[in-house]
Amino acid sequence: MKINIKKAVRHALVWVALVLVGSGCDDFLVEPDRSNFTLENYFTKPEHAESVVNAIYENLRSTTGGGFGGAPWMMLEFATGLANTDLGQAQNSINIRNLVNNSDNDYGSAYWTSSYRGIANANLAIAKIPGITMNESRKMRLLGEARFLRAYYYYNLVRIFGEIPLLTEPVDLNSPELYPSEASEEDIYSVIVEDLTMAEASGLPFTDETGRVSLGAVKSLLSSVYLTMAGYPLQKGTAYYQKAADKAEEVIESGEYELFTSYDDLHSEAKENIGENILMVQFEPFIMPSNWQTSIIPYNKGISEYSDETGAIYANTDFVESYEPGDKRTKEKEFYYTEYSLSSDRTKTVKLGGHFIYKHFDPLAHLQTTSSGLNWTLMRYAEVLLIYAEAINEVSGPTPEAYEAVNKIRRRAELPELAGLSQQQFREAVWREKWHELSYENKTWFDMARLRKAFNVTSGNFEDFVGHQFSYGPTLQERELLFPIPTAEIRNNEKLTQNPGY
């Protein structure tokens with residue numbers, strides 16, 4: 001029986017990580033034991049295995065959200081220089097946007113804490129599930145999900161913070177790893193690849209409409225990991241571009257995914273976990289609602305049934321204007337919107353004064369319910385096509401298959417197909433397509449860091465990351481290739497070293 005992860009996480013036993021999660025650990029450990037709970041007597045039944053794996057999914061939700069303080073997911077968008085805010089009290093967002101970020105930023109702390117909580121739950125699952133008597137096929141799938149999710153959390157952490165603690169076993173207050181040293185990025189990527197390789201062989205279905213990890217998600221993430229390993233900071237080059245292309249091709253050749261014909265499907269509850277959507281963070285209205293809707297609408301324009309309209313993030317106009325003329329993605333209510341009806345009178349429309357992000361917009365929630373069940377997309381098929389096109393071009397130049405991968409996306413955008421390009425021209429064309437297609441999906445900054453390149457919205461060209469000037473003034477320095485390790489973690493663990501420049 002398949003378990004819908006939207007429903008399962010509501011009932012999951014949410015394990016508290018015993019390391020690197022800030023305050024609260026001691027309180028958890030000294031609570032009176034009212035249930036005779038121990039790790040030894042808990043992991044004895046199949047439902048215990050299900051429960052701990054469901055708990056790993058829970059931390060995927062921690063960095064989404066919104067409100068008057070902004071939200072952690074915005075960290076990766078303001079760092080690109082392509083986003084703006086009207087929310088004056090969101091100091092975390094403003095500091096990142098102005099390139100004066102520091103280690104006290106709550107967004108970075110949220111990524112660090114939620115990721116290590118997910119890793120702690122995954123470590124428990126990987127250590128304890130093998131000893132549970134249960135259906136072996138189900139056991140292998142659960143272990144595959146746990147390994148995928150551990151790899152996913154580490155993949156985010158190593159790209160955001162660089163050298164970090166690498167924990168692969170459960171930790172308690174008596175463990176020598178309670179205050180771990182940093183591991184090299186090479187070692188962290190080795191564990192990521194090992195976990196994903198084992199997940200790939202765990203018997204997962206290629207797709208899963210319940211929202212659980214699938215084989216397609218594993219292969220897609222592997223293609224992304226190999227692409228990153230080919231670039232900075234590891235610079236493994238051609239062999240890893242080939243690995244990335246091979247994994248992406250396996251997803252493409254499976255025939256299990258396809259681009260949506262309408263951009264509306266990218267934010268449709270009816271299309272969640274199917275079609276173009278490879279992996280999503282699961283939400284459910286009124287029970288586990290997603291809460292970024294108030295962040296992506298303009299500040300107090302009166303367009304939503306939500307009472308708080310924060311204007312926390314929207315697209316820089318000059319970025320939207322960098323799309324090619326006629327690009328369907330820039331048309332009203334495709335990727336962006338510039339006007340909307342008034343909540344007080346839906347027959348009247350108001351100009352919003354900017355390009356707000358429509359691909360994350362839930363019309364039903366804004367017009368009626370004020371409770372969104374819209375999922376957050378982690379990986380979709382368009383990204384896999386672009387990974388394939390970029391990777392195979394680095395190995396063999398622009399092959400017919402590479403052209404077809406990127407042109408599928410361009411045809412949907414109603415743009416002319418690419419043809420007759422040199423390897424360098426094709427390379428930048430694919431990068432440009434990634435910037436435009438995957439905008440505001442927490443992909444662009446990662447690409448900037450691995451390529452050491454930034455997009456000049458005025459010229460439409462790419463230039464070196466270090467020294468790139470945002471269109472509104474600030475200039476990227478080398479320190480911005482990583483985010484600062486949170487202050488609390490540096491204070492709590494003397495073995496950690498702050499990233500340069502912070």
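Buried residues are those with under 20% relative accessible area, whereas exposed ones have over 50% and partly exposed ones lie in between, for a 1.4 Å probe and protein chains only. The views below show a predicted model, in which local features need pLDDT of at least 70 and side-chain atom pairs count only at pLDDT 80 or more, while totals for chains, interfaces and linings use all residues. Residues are numbered from 1 along each chain as its sequence is written, and side-chain values use heavy atoms, with hydrogens and water left out.

**View A. Strands S2 and S6 run antiparallel and are joined by four bridges.** Strands (E, at least two residues) and helices (H or I, at least four) are DSSP runs numbered from the N terminus, and two strands pair if DSSP finds at least two bridges between them. Strand S2 spans residues 277-281, and five of its five residues are buried. In strand S6 (376-380), five of the five residues are likewise buried, so S6 is largely enclosed by the rest of the structure. Across the pair, Leu279 stands opposite Met379 of S6, and Val281 stands opposite Trp376 of S6.

**View B. Helix H8 (136-161) is largely enclosed by the rest of the structure, because 22 of its 26 residues are buried.** From its first C-alpha to its last, H8 reaches 37 Å, close to the 38 Å expected at 1.5 Å a residue, where the expected span is 1.5 Å times one less than the number of residues. At the N-terminal end, Asn135 caps H8 through a side-chain oxygen that lies 3.0 Å from the backbone nitrogen of Ser137. Just after H8, Gly162 takes a positive phi of about 85°.

**View C. The largest cavity holds about 420 Å³ of space and takes five lining residues from H8, which gives the most.** On a 1 Å grid over the protein atoms alone, a cavity is a set of points where a 1.4 Å probe fits but cannot get out, a pocket is an open set with protein on both sides within 12 Å along at least five of seven lines, and lining residues have an atom within 4 Å of a point. The lining of the largest cavity comprises 32 residues, of which Tyr152, Asn156, Arg159, Asn442 and Phe446 lie nearest its centre. By class, the lining has 15 nonpolar, ten polar and seven charged residues, where Ala, Val, Leu, Ile, Met, Phe, Trp, Tyr, Cys and Pro count as nonpolar, Asp, Glu, Lys and Arg as charged, and the others, Gly among them, as polar.

**View D. The second largest cavity has about 130 Å³ of space, and S6 supplies the largest share of its lining, three residues.** Among the residues that line this cavity are Asn277, Trp376, Thr377, Arg380 and Glu441. The lining divides into four nonpolar, five polar and three charged residues.

**View E. The second largest pocket holds about 420 Å³ of space and is lined by 23 residues.** Helix H8, helix H9 (185-200) and helix H17 (444-451) are the elements that give two or more residues to this lining. Gly162, Glu185, Arg452, Leu481 and Leu482 lie nearest the centre of the pocket.

Definitions and conventions. Grid points are joined across faces, edges and corners, and a volume is the space filled by probe spheres set on the points. A polar contact is a pair of N or O atoms within 3.5 Å; within protein, one must be able to donate a hydrogen and the other to accept it, and residues adjacent in sequence count only if both atoms are side-chain atoms.
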